[in-house]
Amino acid sequence: MEPIIQCKNLTHYYGKRLIYKDLNFSVPQGRILGLLGKNGTGKTTTINILSGYLQPQAGECKIFGEDITKMSPIMRKEIGLLIEGHVQYQFMNLQEIERFYAAFYLGKWKKEAYYALLEKLKVAPKQRISRMSCGQRSQVALGLILAQDPSLLILDDFSLGLDPGYRRLFVDYLREYATAENKTVFLTSHIIQDMERLVDDCILMDYGKILLQMPVDELLQTIRRYTMHIPEQQGIPQIAHHSLYHPNVLGNTLEFFSFLSLKEVQQELTKQNYYFTHLKAEKVGLEDAFIGLTGKY
Amino acid sequence: MIQALFYKEWIKTRWFLLVALLTIIGVTGYCILRVYRAGELNGMDHLWLVMLTRGVTFVELLQYLPLAIGGLLALVQFVPEMQKSCLKLTLHLPHSALATTYSMLLWGTLFLTLCFCISSGLLYGYLHTVFTTELWQQSLFTTFPWFLAGYMAYFLTSAICLEPTWKRRIGYCMMSLVLLHLFFLNHTAQAYNPLLPFLILLTLLTATFPWLSVLRFKAGCQD
């Protein structure tokens, strides 16, 4: 089946600063994909390109098989967009904003979905959006997307400004909706724990490139944090870079992340006559895996 | 969909519309009152003479009001759109971006037309009862370039608000000052009559500028 999102050879610069070059990825239907990366790796740039608000310098992106630079209104009907910071029209109240959007999605608009979510907020229908907290606004934005009932949801940093309660509410609601309705979701967040609860697949971005794209389960099953004791001033072992991520020596402990098995790491180190004791492999969560693969700096 | 877009513009601008309408009615009313009082004190014959010999129009107070209303209306409409890039929401609606932009501009243009028609209507309603055709036309035609300046201020301020980069915003501001200055070069009554077709064309041309800003916004232009 044709993927819902397909980007080929995306290249973008801001001035002379390269954001990424020849970026390729695709998102199959019915999957929730999280784009993870440190600040400045191009997450928002990618979201802007996908939502048609940035012209990449090279490459092409297709959504539902249609070139996004020529996105038709019919195609936009099928894309729910959440802007960073849960931006909505501040000058409207809850009732007005629902009435406004409903006119654009006649025959498809699910008013009940919006009001069902708002009921949890215990706010009056005439409450102005500008007088709501960021958490409440996030529910308004989500409610409007649910009412729109799009096939694809693009969410830019959905956890920005939300306290843990609202984050959990947002994640649980979204997860349940996307799974039940077989929706495709493409999202970014700077809070990785939320992603772990929510996403099926992840793309890890490093400066200028994609580090990996794989299902989160597979990533967490295969990535390991290795620690071992080494003599002082022994330095870092020279294992091929792609097998060993961000080795870090603290005192006499060496730590790194790798997709190699314990046995393979042992063999590699022994082959190099690298002295170590207390070699330990640990499974890690998504946040540790992210830091392990992209580095702390 | 246009109705829904008008609904959004109504929510944004309703208080401003009320204030602008009351202001233009108030100032036009004051101009009429001045004619009435001057007529009562000096006699209508004297007013006719003054208008013919000195080119007095009694509507000078209206000179910069359309300009101010046009500029402020654009700010009221488009500053909220640019706050936190709200315009992305508007342009993401399942409606052509061009039609969406010009529906919003149409709202403003219709309101300005309403204001200017009310003002002209009030002036005509009174002046044609006390002056000859040539004299009331002298007053009304003198206001036309000012009203055109109101439309142009509206389009140019909209373009400035919608423009995503500060560099070009500053450029647009400077260009706006020059273009709008054209409407206020000569204060003689009906001085602009021969130039009206040119000024109308120029105003229509500036109506395309907001769309250029929207295109640049959509292309992700940044400083």
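**Note on aromatic rings and nonpolar cores**

1. In this predicted model, B:Arg169 sits over the face of B:Trp166, 4.5 Å from the centre of the ring. Chain B has another such case: B:Lys12 lies over the face of B:Phe78, at 5.8 Å from the ring centre.

2. Counted over all chains, there are 21 aromatic pairs in the structure. One of them joins B:Tyr172 and B:Phe209; the ring centres are 6.0 Å apart and the planes meet at 25°, so this pair is stacked, because planes under 30 degrees apart count as stacked. B:Tyr172 belongs to helix H7 (residues 166-181) of chain B and B:Phe209 to helix H9 (residues 209-218) of chain B, so the pair ties together parts 37 residues apart in sequence. Both B:Tyr172 and B:Phe209 are buried.

3. Chain A contains an aromatic cluster made up of A:Tyr89, A:Phe91, A:Phe100, A:Tyr101, A:Phe104, A:Tyr105 and A:Trp109.

4. The largest nonpolar core has 122 residues. Those that touch the most other members are A:Ile5, A:Ile63, A:Tyr89, A:Phe100, A:Tyr101, A:Phe186 and B:Phe131. Helix H6 (residues 133-162) of chain B gives the most to this core, namely 17 residues. Another core, of 37 residues, lies apart from it; A:Ile32, A:Val284, A:Leu286 and A:Phe290 are among its residues.

5. What does A:Tyr89 touch, not counting residues up to four places away in sequence? In chain A, the contacts of A:Tyr89 are A:Ile97, A:Phe100, A:Tyr101 and A:Ile129. In chain B, A:Tyr89 touches B:Lys8, B:Glu81, B:Cys86, B:Leu89 and B:Thr90.

Conventions
Residues are numbered from 1 along each chain as its sequence is written. Chains are lettered from A and ligands numbered from 1 in the order in which they are written. This is a predicted model: local features need pLDDT of at least 70, side-chain atom pairs count only at pLDDT 80 or more; totals for chains, interfaces and linings use all residues. Side-chain values use heavy atoms; hydrogens and water are left out. Rings of Phe, Tyr and Trp (its six-membered ring) pair if their centres lie within 6.5 Å; planes under 30 degrees apart count as stacked, over 60 as edge-to-face and the rest as tilted. Helices (H or I, at least four residues) and strands (E, at least two) are DSSP runs, numbered from the N terminus. Buried means under 20% relative accessible area, exposed over 50%, partly exposed in between (1.4 Å probe, protein chains only). A charge sits over a ring if NZ of Lys or CZ of Arg is within 6 Å of the ring centre and within 35 degrees of the ring normal. A nonpolar core is a set of buried Ala, Val, Leu, Ile, Met, Phe, Trp, Tyr and Cys residues joined through side-chain atoms within 4.5 Å. Contact means heavy atoms within 4.5 Å.
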